[in-house]
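Hi,

Here is the structure I said I would pass on.

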Amino acid sequence: MFLEHYFLIHCFTFSASKSLTIKAMAALNISPPKRETDPKKRVVITGMGVVSVFGNDVNTFYEKLLEGQSGITLIDKFDASSFTVRFAGQIHNFSSAGYIDGKSDRRLDDCWRYCLVAGRKALDDANLGHQVLETIDRTRVGVLVGSGMGGLTTFSNGVEALIQKGFKKITPFFIPYSITNMGSALLAIDRGLMGPNYSISTACATANYCFYAAANHIRRGEANIMVVGGTEAAVNPTGVGGFIACRALSQRNDEPHKASRPWDQDRDGFVIGEGAGVLIMESLEHATKRGANIIAEYLGGAITCDAHHMTDPRKDGLGISSCITKCLEHAGVSPEEVTLVHFNCSLLQRLSVSDNPNFIINLKVNYVNCHATSTLAGDLAEVIAIKKIFKNTYEMKMNGTKARNI
């Protein structure tokens, strides 16, 4: 949707509660491009937080994805019986207890409630609680949490109040809780984080743009830590109705749990959802000095635009393929290096970026996480682009987080 493209490369060194075996082969003997070696400019992930249809725990979220469970259900946030699409990735029984005080919780749009809980969880996961934050320079800790739609329920309610009762009945929180930068602002206020603070809104690519921008703040020496991610809560009449009008949503009301089916011959559109995901990005030097647990290393990213149509991608996949090429160059990774390597995820529990700096050079996994919208044109364009860049895709693993086994 609104086709800006973003591609990024991570080198994962995580331990998961459920271990996978990944089929692999030895990396080719080639001379890789030059990679960043300065610890001040190398960017690592030290914390994760999530609010999702599977709850607010990262490990549970990950396990549910591995099991192929669907979080898509019939909508009950509002009466959708007259809508041609009546299902979504709706969060049920969400609780912000322990993270947001009662008065604020009642006033906030769900978009910002999800953001605050995911952000606080990411900070806690990175061992950056109140006491630790008081010991570091918080002018060098920034927040960059984007949103494609912002506080859409607050906005819709404000417009409804204006039309039905006049401007005097509009809540004073109408503007603050509608604009997209409020997630970053509220997280910063909550923890006294005085570094770079703003939001990005680029539709489906929003959070990835934020990761790219946040990493650049660290590499330019403007921040040591960035709290970064995306948040969305558009499962309401305006959001669902608007996407129906765009003819973008699947209408598989009889099988909502099977509606998101990228690359399937019977795919008929994507499924709207809600939630938040936040990462703690940090310079390797800063993370090492404070003894942080390093989950992954961010190697690079790139941004392009199709400059073609508001919703339809270029048929030749040029916008996507050029983005992948720029990303590989930025990360210092050649397409030939993206190969399979024999390992079990449990092996990675013993590795860290600081313990083995050559790890990112010698170990590459051939996995691509696609946008995978389940739209006829979008899915095809992604396949065409990937085949342009990676000449041998026979053993390449490719899927989308939002996809479910059919």
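Let me start with a salt bridge: R42 and E297 pair up, with their closest N and O atoms 2.8 Å apart. R42 sits in the loop between β2 (21-22) and β3, while E297 belongs to strand β10 (residues 296-305), so this contact ties together parts that are 255 residues apart in sequence. R42 is buried at 7% relative accessible area, and E297 is buried too, at 2%. Do keep in mind that this is a predicted model.

In total, 14 salt bridges come out. Another of them joins the side chains of D110 and R113, at 2.7 Å from N to O. These two residues are three apart in helix α3 (residues 110-125), which puts about one helical turn between them. Here D110 is partly exposed, with 22% relative accessibility, whereas R113 is buried at 12%. Both also belong to a salt-bridge network that links K77, D105, D110, R113 and E274.

R261 and D264 make a salt bridge as well, with 3.0 Å between the closest N and O atoms; R261 is buried, its relative accessible area being 6%.

Now for the strands. β9 covers residues 274-283, and nine of its ten residues are buried. Strand β3 (residues 43-51) pairs with β9 in the antiparallel sense over eight bridges, and V50 is found opposite G277 there. β9 also pairs with strand β8 (residues 225-233), again antiparallel, over nine bridges; in that pairing V227 faces I280.

Cheers

Note on methods
Residues numbered from 1 in each chain as written. Predicted model: local features only at pLDDT ≥ 70, side-chain atom pairs only at ≥ 80, totals over all residues. Heavy atoms only, no water. Buried < 20%, exposed > 50% of the residue type's maximum accessible area, 1.4 Å probe, protein only. Helix = DSSP H or I, 4+ residues; strand = E, 2+ residues; numbered from the N terminus. Pairing = 2+ DSSP bridges. Salt bridge = Lys/Arg side-chain N within 4 Å of Asp/Glu carboxyl O.
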